[in-house]
Amino acid sequence: MSLRGILSAALLVSLLGEGMPAQDQGGVVAVRCGRILTMTQGPVENGVVLIRGGKIEAVGRDLPIPDGAAIIDAGDGFCMPGLVDAGTARGLDRGERENEEGLEVTPEIRVADALHARAGGLSALVQNGVTTAFAAPGVQNVVGGLGVVFKPVDRSGSVAVLREDAALRVTLGPEPSRGNRPPMGEATSLFSRRPTTRMGVIWALRSALHAARERAGPRGGAAPTEARSVLLRALEGDLQVRIRCYREAEMRAIFNLMDRPEDRFEDLQVVLDRAPDAHRLADELARRGISVVLGPVAHAPEGRRSAGFDPSDVVVPTPATARILVERGVRIAFQSAGSATPDEVLVHAREAVRFGLSPEEALRALTVSAAGILGVADRVGSLEPGRDADLVVFSGDPLLPTSRVRLVMIDGTVVFEENGGRPTP
Amino acid sequence: MKPMRTLAAAALFLLSQSPPTPSQTVAIRGGRILTMAGPEIEDGLILIENGRITEIGPAREVPWDATVIDAKGRVVMPAFVIAHSQGGVDTANESQENVPFVSVRDSLDASSTYFENCLRDGIGTVMVIPGHRTLIGGTGLVVKPFGRTVAAMTVVDDAGMKISIAAERGSRMSQIQKLRRAFDEILEYLRREKAKAESAPEKEDEPGFLSDLDLDAFEIEPRKGPMSRLLSGKLRAYIWCPDASDVIRANALIEAYRLDATLVVGHGAWKAADALARAGRPVILDQELEAFETDRRTGKEVLRVLPAILHGKGVRFALTTGSGSYGSRYPWYQAAVAVRHGVPRDVALRAVTQVPAEILGLGDRIGTLEKGKDGTLIVLSDDPLSGRAFVERMVIEGVPVYDRSKDAKLRSLLTGEALP
C-alpha cells in the first residue's frame with residue numbers, strides 16, 4: 001500500500017472508530033485497488049469497488065466516484081471477495097466436541113444457539129481475511145444437528161447470521177464411536193453409549209432415517225416431532241447433509257444409503273466434510289454432484305496438539321486431493337475445522353497450489369465455490385453488483401506465502417486494518 | 001570446541017567411507033545462486049572438490065571429469081540449517097527432569113522418516129536436542145540427514161546441553177532454584193577434584209578457576225562429564241525461554257555461571273526484545289511465529305509476530321521448523337512468514353542458513369556458499385519464497401544425496417497414486 005493509501009485508510013478508520021459503519025446505510029464508499037479479483041467477472045486492473053449501503057454497487061476501471069463518497073485507497077494491493085471458511089469450530093466453547101450428550105442422534109439441535117461473536121478466535125479469523133464461515137454442532141454424535149452460515153462480526157452479542165439451518169451435521173468417521181462402552185446401568189459419561197463400532201455408526205444413521213420416513217408415511221398419523229421433521233427435510237433434499245468422513249469405505253457407505261433398494265435415500269443432498277480420501281472416488285463424486293469441503297491441512301505446531309481426534313491415523317491426507325477433485329469436476333472448498341491455525345484456509349489453498357491446483361481454482365475454492373456449497377452465493381463470494389460488500393485486501397498475490405492481509409471489510413464496514421504494515425511491539 | 005572438532009573430523013572420515021561419489025569434482029552449472037554472503041550470481045557455476053567449494057562465480061567451461069548438476073532456470077542456495085529440533089527421536093524428553101548425562105546420540109533413529117523429509121525439504125544440517133519439558137535435558141547432536149548410522153550422520157557430537165527455564169511441573173522459582181543447585185553441585189565437585197589432583201587444599205573462592213580448567217587433567221565421573229564441560233564453558237547451553245521473564249532470568253544465570261549459551265525463545269518472549277538486543281547474542285525462535293494474543297478484558301485479539309518484532313529491535317535470529325504436512329514444517333515457509341510481516345528477504349533467508357550455522361559453531365563450514373566452505377547446497381525449482389519451490393537436488397559435502405526425479409514418495413503425493 002502506498003503511504004497515501006495507508007494514511008487515507010487509517011484516517012478513515014480513526015475518524016469513524018473501529019466497528020462503526022464506514023458510512024450511513026445510504027452512504028457511498030469507493031475502494032481503489034491495484035488489482036481486483038471479482039471471481040466471476042474477470043480481474044480488473046487499477047479499478048474501483050463502489051459500495052452503497054453495505055452492498056456492492058459497481059466494480060470497474062473507470063467508474064465515476066460520486067461526490068461525498070468515502071475513498072479507501074488500497075494502493076497496489078490485491079482486492080478480492082472476503083474468504084469463506086466452509087467449516088469452523090471457532091466461536092464454539094468446545095470446538096469440534098460441541099455436542100449434546102446422551103443421544104447419538106440429535107438432528108434438532110441448532111449450533112446457532114451456541115455461537116457468540118466474542119468467542120475466542122473469531123477475530124483472528126477475520127484478521128486473516130475470512131468474512132463468511134459455516135459452523136455446525138460437533139462430530140461426537142452420528143447426527144449432530146443444524147449448522148449455520150454466518151459472518152464473524154458482533155451483532156448485539158451474536159454473530160451476523162447469513163443462513164439459518166444451512167446443513168445437517170452427520171458424522172460417519174470414527175469420532176461418534178471412539179471410546180464408547182456399551183451403556184450398562186447408569187450412564188456416567190458421554191462414552192457410556194452406543195454405537196461402539198463403525199458399523200454401529202452407520203446403523204444409527206440408517207435407523208434414524210428409516211424411522212423418520214416410516215412415521216411420516218400414511219400410517220404415521222401423529223404430527224412429526226421436530227427431530228423427525230429435520231430428518232424428513234434432509235430425506236426430501238430440502239436440507240443439505242454435511243457428512244464428516246475420512247475413508248473410502250465411509251464414502252461408499254453413503255452411496256449405499258442412497259442406492260440400495262432397502263434404503264433408497266436417493267434425494268439426500270450430500271456434502272462431504274474433510275474426506276482426505278475423496279480423490280479416490282473423484283469420478284463417482286462428480287457424477288453424483290457431491291461437493292467436498294477439505295481441511296484442515298493439519299500443521300499445528302509441534303508440542304501443541306490440536307484438541308481431539310487426529311485423522312492422520314485413519315488416512316494420511318494427500319496434498320494432491322484438491323487438484324484431483326477439481327480436475328475431475330468436483331466442487332471443493334476449504335475449512336479450518338478444529339485447527340488452531342488462524343489462516344488455515346489460506347494456507348490450505350497455498351498448499352494445494354504448490355501441489356498442482358491452478359491458482360484460479362484455489363481462489364474460487366476460497367470464495368465463490370465455498371459460497372455455492374453453503375448456499376449463499378447470491379450474497380457473498382464474488383465482487384459483483386448486488387452482493388454484500390465483504391472484501392479483503394492483500395499486500396500481494398493472495399496465494400504467495402509472503403502476502404499479508406491489509407484490510408478487511410464486512411457489509412461495507414472496515415473491520416480490520418493492519419497497523420501501518422507492522423505489528424505493534 | 002576442540003573435542004568437537006576431533007569428533008567432526010571422525011565423522012567426516014566416516015562419511016568418506018560411505019557412498020562413493022562418481023567423481024571427486026561436482027559442478028553445479030547455470031542457475032541463480034543465492035550465496036547468502038554477497039550479491040546473487042545469475043547463471044553461475046559452483047565447483048566442489050573433495051567436499052569443499054573451490055570455485056563460485058559466473059558460468060564457464062566445466063572440467064571434463066566433473067559430475068555436472070544442471071541448474072539452468074533454477075535457484076541454488078546453501079542447504080537449510082536448523083539449530084534446534086526434536087526430529088528423528090522416539091521421545092523428545094526424558095521422563096526425569098534432571099538428566100544432563102543422556103544424549104540424543106543414543107536415541108536417534110537414522111532410518112526415521114524425519115531425515116528422509118529433511119532431504120526432501122532441503123535441510124542439510126540439523127541439531128537434534130532434547131525437548132523443552134525437562135530441567136536439564138541432556139546433550140544434542142548436530143547431524144546431516146544422510147547416512148545409515150548415527151555415527152555416519154554426526155557432524156558434531158555432544159553439541160549442546162538443553163536447559164529449560166520454564167517448569168513443566170512446579171513453579172518457576174523452584175525451577176531456577178533447582179538449576180542453581182545442579183550448577184553449584186558440579187562447581188563444588190570440580191573444585192574438590194582440582195584440589196585432589198593438585199594435592200592442594202580446596203579453596204572456597206576462586207574467581208575464574210573454571211576458565212583455564214583442563215578437564216582432561218583429571219578424571220571426571222561419566223555422569224558429571226557433560227555438566228563439567230558446560231560449567232567450564234566447553235559446552236554450549238541451549239536455554240528454553242517461553243516467556244519474557246524467562247529471558248531475563250536466563251540472562252542472569254548465564255552471567256552468574258559464565259555460561260556459553262544460546263536462548264531458544266517462545267512467542268511470549270517478544271516483550272523481552274530489548275533485553276535480547278542488549279545481550280547481543282543471536283537467538284533461536286520456536287516454530288510458532290505468528291500468534292494472536294487475547295486481551296481478557298476487551299476481548300481484542302492482537303497479532304504479534306516474533307521475528308518482525310525482534311528484527312525491529314536489531315536482534316539476530318534463527319528460525320526452526322515444526323511437523324505436519326505443510327506450513328511450519330518447511331524452512332522456506334518460516335522465512336516467508338517473517339517476510340510477510342516486514343522482515344527483509346535477506347534477513348529471513350539468513351535465519352534458515354547463515355545464522356543457525358553460526359550458532360552451531362559451524363559458520364566456517366556451512367550456511368553460506370563461499371570458496372573454501374563445504375559443498376552443502378540445494379537446487380530449488382523456484383525462488384525459495386515463492387511458496388511453489390521444490391527441492392530438485394541436495395548436495396552434502398560434495399555428495400549428491402537427493403534427486404527429486406527419483407523421489408517416488410513425493411511423486412505419489414503429487415499424483416495421489418499409491419506407492420508401488
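Leaving aside its neighbours within four places in sequence, which residues is B:Asp403 in contact with? Keep in mind that you're looking at a predicted model. With those sequence neighbours set aside, the contacts of B:Asp403 are B:Glu392 and B:Arg393.

So where does this residue sit? B:Asp403 is part of strand β21 of chain B. The residue counts as buried because its relative accessible area is 19%, under the 20% cut-off. Its side chain also has a polar partner: the side chain of B:Ser405, at 2.8 Å.

Now zoom out to the sheet. Five strands of chain B make up an open sheet with mixed pairing, and reading across, the order is β2-β6-β19-β20-β21. The edges are β2 (32–33) and β21 (399–403) of chain B, each of which pairs on one side only.

Further in, β19 (residues 377–380) and β20 (residues 391–396) of chain B run antiparallel to each other, joined by four bridges. In one of the pairings, B:Leu380 has B:Val391 in β20(B) as its bridge partner. Lying across β20 and β21 of chain B is helix α2 (residues 113–121) of chain B, which runs at about 110° to β20(B).

For the model as a whole, the scores are ipTM 0.89 and pTM 0.90.

How values were computed: Residues numbered from 1 in each chain as written. Chains lettered and ligands numbered in written order. Predicted model: local features only at pLDDT ≥ 70, side-chain atom pairs only at ≥ 80, totals over all residues. Heavy atoms only, no water. Pairing = 2+ DSSP bridges. Helix = DSSP H or I, 4+ residues; strand = E, 2+ residues; numbered from the N terminus. Contact = heavy atoms within 4.5 Å. Axes fitted to C-alpha atoms, helices over the stretch in contact; angles between N-to-C directions. Buried < 20%, exposed > 50% of the residue type's maximum accessible area, 1.4 Å probe, protein only. Polar contact = N/O pair within 3.5 Å; in protein donor to acceptor, adjacent residues only side chain to side chain.
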